[in-house]
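The sequence and structure come first.

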Amino acid sequence: MATTATVEDLQGYLKSAIDVTKLATEIIREAFDQEKVTETKCSAVDLVTKTDKAVEQLIIGTLRNTYPDHCFIGEESVDESGKSEFTDKPTWIIDPVDGTANFVHRFPFVAVSIALCIEKKVVVALVHNCILDHMYTAILGQGAFCNGKPIHVASPKDITQSLVINEIGSSRDVAVVRTKLQTVENLVNLPVHGFRFTGSAALNICLISQGSGDVFYEYGMHCWDIAAGSLICHEAGGVCIDTTGDELHLMKRRIIAASSMDLAQKIAKFMMHIDYDSD
């Protein structure tokens, strides 16, 4: 399947993702200004709402009807069943509401993230900021776009001139938080130009992809947070690697997305490493 998928096939997959995302966006926007009832998952700040669940059911149900032989990894369904099963088969990786805490607090960085992987390689990607209406898309080898216009990472620059995007994540384990803050201190003292935190890994990578920052890194997120963004970044001329400096593995729960390999590798040298169980 991976070697025989044509450009037309990939365009069809992307169109399917766009079509269902438009329906999902209607649900998210309708609920955005309403009071939300939240549940918690791995920690007191790892939130989920009925909108997360409804949107995931819509996306997976719609795509499964169109592609019954494909596999699916969704944030909320994986939550219930445990580990993700990631094989060489065509697999859709879905985050129905990336930035749930933002959604709860009406902070307008809320995204649908959909990626299609074939032989474990992301070949189609979509990230849509549903509130600001920024739709980022990419097909492997075809470039990256925001609302249909080509995007590109920022011009190469020295690490001390970089704007860094980061997230602390949902863990409130004292040792984990301390380690993450030590990395921030390491970079601040270089110094870098500044730090930004938006609350959405998928949108953070898209910001790097459109040149609105130079490097993003995070520990502890999941494959559905980064799968689509990783292709968008690559197609925009950027790189995504493991925080160790090695090749990115979607299931290892850590990432550096940067405007250049040189910057990514330099940032990696300042990372205080954290090991997480793989997805």
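## Overall dimensions

Accessible areas are computed by the Shrake-Rupley method with a 1.4 Å probe, and for residues only the protein chains shown count as cover. On this basis the protein chain exposes about 12400 Å², of which carbon and sulfur atoms supply 51%. The model is predicted: local features need pLDDT of at least 70 and side-chain atom pairs pLDDT 80 or more, while totals for chains, interfaces and linings use all residues. Residues are numbered from 1 along each chain as its sequence is written, and side-chain values use heavy atoms, without hydrogens and water.

The C-alpha trace spans about 50 × 45 × 35 Å along its principal axes. The radius of gyration is taken over C-alpha atoms, and the globule rule is 2.2 Å times the number of residues to the power 0.38. For 279 residues a compact globule would have a value near 19 Å; the protein chain has 18 Å, which agrees. Of the 279 residues, 54% count as buried (under 20% relative accessible area; exposed is over 50%, partly exposed in between; 1.4 Å probe, protein chains only). Among contacts (heavy atoms within 4.5 Å) with a separation of 6 or more, 65% are between residues 24 or more positions apart.

## The sheet

The protein chain has eight helices and 14 strands. These are DSSP runs, numbered from the N terminus: H or I over at least four residues for helices, E over at least two for strands. Two strands pair if DSSP finds at least two bridges between them. Seven strands make an open sheet with mixed pairing, in the order 3-4-5-6-7-8-9. Strand 3 (71-74) and strand 9 (149-150) are at the edges with a single partner strand each, so one side of each has no neighbour in the sheet.

Strand 7 (residues 134-139) has five of its six residues buried. Strand 6 (residues 121-129) runs antiparallel to strand 7, joined by six bridges. L126 is opposite T137, and V127 has Y136 as its bridge partner. Four residues lie between these strands in their hairpin, where D133 has a positive phi near 60 degrees. On strand 8 (residues 144-146), three bridges make an antiparallel pairing with strand 7, and C146 faces Y136. That hairpin also has four residues between its strands, and G141 there has a positive phi near 85 degrees.

## Helix 6

Helix 6 (residues 201-209) has nine of its nine residues buried. Its buried residues include L203, I205, L207 and I208. Helix 6 lies across strand 4, strand 5, strand 6 and strand 7, at about 100 degrees to strand 6. Axes are lines fitted to C-alpha atoms, for helices over the stretch in contact, and angles between N-to-C directions run from 0 to 180 degrees. G211, which follows helix 6, has a positive phi near 85 degrees.

## Aromatic pairs

Six aromatic pairs are found in the whole structure. Rings of Phe, Tyr and Trp (its six-membered ring) pair if their centres lie within 6.5 Å; planes under 30 degrees apart count as stacked, over 60 as edge-to-face and the rest as tilted. Y13 and Y67 are edge-to-face, 5.2 Å centre to centre with 75 degrees between the planes. Y13 is in helix 1 and Y67 in the loop between helix 2 (50-66) and strand 3, 54 residues apart. Y13 is buried at 6% relative accessible area, and Y67 is buried at 14%.

The ring centres of F32 and F103 are 6.4 Å apart and their planes are at 45 degrees, so this pair is tilted. F32 lies in helix 1 and F103 in helix 4 (residues 100-105), so the pair ties together parts 71 residues apart in sequence.
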